[in-house]
Structures are given as C-alpha cells and as structure tokens.
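My notes follow in the order I looked things up.

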Amino acid sequence: LPPSLPPSILTQWERGFALYYKGAYAAAADQFSACCQVDRDDLEPFLWRCLAASKGKGGWEGAREGLRADFKGYDHRVGMMMVLSLFLEEEGREGGVDVQMVLESAGGDCHASQRAAFACALYLEARGEEGEALRLLQQVTVREEDGDVYMRELAHCHWRVLSKRVRAQG
C-alpha cells in the first residue's frame with residue numbers, strides 16, 4: 001500500500017488481509033467494507049470484500065451481487081474497469097469480458113499487468129478456480145523488471161496461503 005495513506009487506512013487494509021489469511025472470511029469482508037468507504041473509486045477493496053464474501057453462505061453469486069450493488073465509482077487505473085466487468089458479467093457471454101482480455105488490456109505496462117493478473121486471480125479464486133488463480137499469482141510473483149514490489153510481495157503471500165489451503169483440501 002502506498003505509504004502516503006493515513007495510518008488508520010493502512011491498519012484497516014492490513015487487518016483485512018490478516019483476517020482473510022486467518023480464514024475469518026466474514027470478519028475480513030466487514031473489514032474490507034470499511035476500506036471501501038475511504039475511496040469509493042478504488043475498486044480493490046471491493047474486490048477483496050467480494051473474495052472474502054464468496055467464502056460465506058451466499059457464495060460466489062451472493063458476493064458478486066454485493067459488488068454489483070455497492071461499487072458505483074470509476075477506477076481510473078488501466079484495466080480496472082475491465083476487471084469490474086469480469087467480476088460482474090457471466091464469463092463466456094457473447095461480447096463479454098474474459099480473463100485473457102483483462103490480462104491483455106494492460107499492454108506493456110508492468111504495474112498494470114501485475115495488478116490485472118492479481119485481480120484476475122482474486123476473481124478465479126472467488127469462483128472456486130483455485131488452480132488457475134495460483135497460476136496467475138505465480139506470474140505476478142516472478143515479474144521482477146520495473147514492477148510493483150508491493151504487488152509482487154502481496155501476491156507471493158497470497159500464493160503461499162492459497163497453495164496451503166489447496167493442498168489441505170486434497
């Protein structure tokens with residue numbers, strides 16, 4: 001996270017991650033909801049809340065409907081509105097957005113491609129496609145050229161936790 005954020009916001013994000021990685025998904029979703037109130041145009045806390053909520057009783061469809069109802073902003077970062085379309089549309093719908101389209105939308109921008117791949121991994125994980133999510137997370141962790149160090153480190157942490165969960169499920 002950018003160090004320019006106020007300490008209270010950084011703490012909210014860190015608490016959300018800690019709760020998610022601990023497996024306290026409902027509490028993590030609540031924590032990310034607080035993060036959503038800070039900047040209504042920042043899609044990322046909404047995506048994390050959607051991921052955490054997808055682990056609850058409403059599952060993927062309930063989490064997706066929550067995202068549809070709550071995100072009314074406009075994220076100006078390259079590809080993020082395509083990520084939103086990916087989360088909200090039925091994949092494979094004629095003329096719809098798919099993971100490959102989102103990944104290609106970043107073009108040659110290393111930061112944008114890392115962010116897009118991480119967001120697509122969150123989408124795949126929320127849908128229950130952990131193997132594909134792990135593949136994308138791995139791509140983010142190995143990008144070393146002028147990339148986003150924070151994104152790479154968070155992706156590595158997420159990859160480790162998700163890998164451990166997948167192995168435990170058998």
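**Entry 1: ground rules.** I call it a contact when heavy atoms lie within 4.5 Å. This is a predicted model, in which local features need pLDDT of at least 70 and side-chain atom pairs count only at pLDDT 80 or more, while totals for chains, interfaces and linings use all residues. Residues are numbered from 1 along each chain as its sequence is written, and side-chain values use heavy atoms, with hydrogens and water left out.

**Entry 2: the whole chain.** I looked up the secondary structure, where helices (H or I, at least four residues) and strands (E, at least two) are DSSP runs numbered from the N terminus. The protein chain has nine helices and zero strands. Along the sequence I read α-α-α-α-α-α-α-α-α.

Next I checked burial. Buried means under 20% relative accessible area, exposed means over 50%, and partly exposed is in between (1.4 Å probe, protein chains only). Of the 170 residues in the protein chain, 49% are buried. The chain exposes about 8,500 Å², an area from the Shrake-Rupley method with a 1.4 Å probe, where for residues only the protein chains shown count as cover. Carbon and sulfur atoms supply 53% of that area.

Then I looked at contacts between residues at least 6 apart in sequence. Of these, 56% join residues at least 24 apart.

**Entry 3: Ala63.** Ala63 sits in helix 4, residues 59–70. Is Ala63 buried or exposed? It counts as buried, because its relative accessibility is 5%. I set aside residues up to four places away in sequence and found that Ala63 touches Cys50, Ala53 and Ser54. I also checked Arg49, 14 residues from Ala63 along the chain. The C-alpha atoms of Ala63 and Arg49 are separated by 8.1 Å.

**Entry 4: helix 3 against helix 7.** For helix pairs, axes are lines fitted to C-alpha atoms over the stretch in contact, and angles run from 0 to 180 degrees between N-to-C directions. Under 35 degrees counts as roughly parallel, over 145 as roughly antiparallel, 65 to 115 as roughly perpendicular, and the rest as oblique.

The axes of helix 3 (residues 43–54) and helix 7 (residues 110–126) come within 9 Å and cross at roughly 25 degrees. The two helices are therefore roughly parallel. Which residues make the contact? Helix 3 brings Glu44, Leu47, Trp48, Leu51 and Ser54. Helix 7 brings Arg115, Phe118, Ala119, Leu122, Glu125 and Ala126.

I then followed one residue from each side. Leu51 lies in helix 3 and is buried, with a relative accessible area of 0%. Apart from neighbours within four places in sequence, Leu51 is in contact with Tyr20, Leu122, Glu125, Ala126 and His158. Tyr20 is 31 residues from Leu51 along the chain, and their C-alpha atoms are separated by 9.1 Å.

Arg115 is in helix 7. It counts as buried, at 17% relative accessibility. With neighbours within four places in sequence left aside, Arg115 contacts Glu44, Arg77, Met80, Asp148 and Met151.

**Entry 5: helix 3 against helix 5.** Helix 5 covers residues 80–88. Its axis and that of helix 3 come within 11 Å and cross at roughly 25 degrees. That makes helix 3 roughly parallel to helix 5. Leu43, Glu44, Leu47 and Cys50 of helix 3 meet Met80, Val83, Leu84 and Phe87 of helix 5.

**Entry 6: helix 8 against helix 9.** How far apart are the axes of helix 8 (residues 130–142) and helix 9? They are 8 Å apart, and the helices pack at an angle of about 150 degrees. That makes helix 8 roughly antiparallel to helix 9. Among the residues that meet are Ala133, Leu134 and Leu137 in helix 8, and Met151, Ala155 and Trp159 in helix 9.

I also tested the length of helix 9, residues 149–169. The expected span is 1.5 Å times one less than the number of residues. Its 21 residues should therefore span 30 Å, and its end C-alpha atoms are 30 Å apart, which agrees. Buried residues in helix 9 include Met151, Leu154, His158 and Leu162. Gly170 follows helix 9, and its phi is positive, near 90 degrees.
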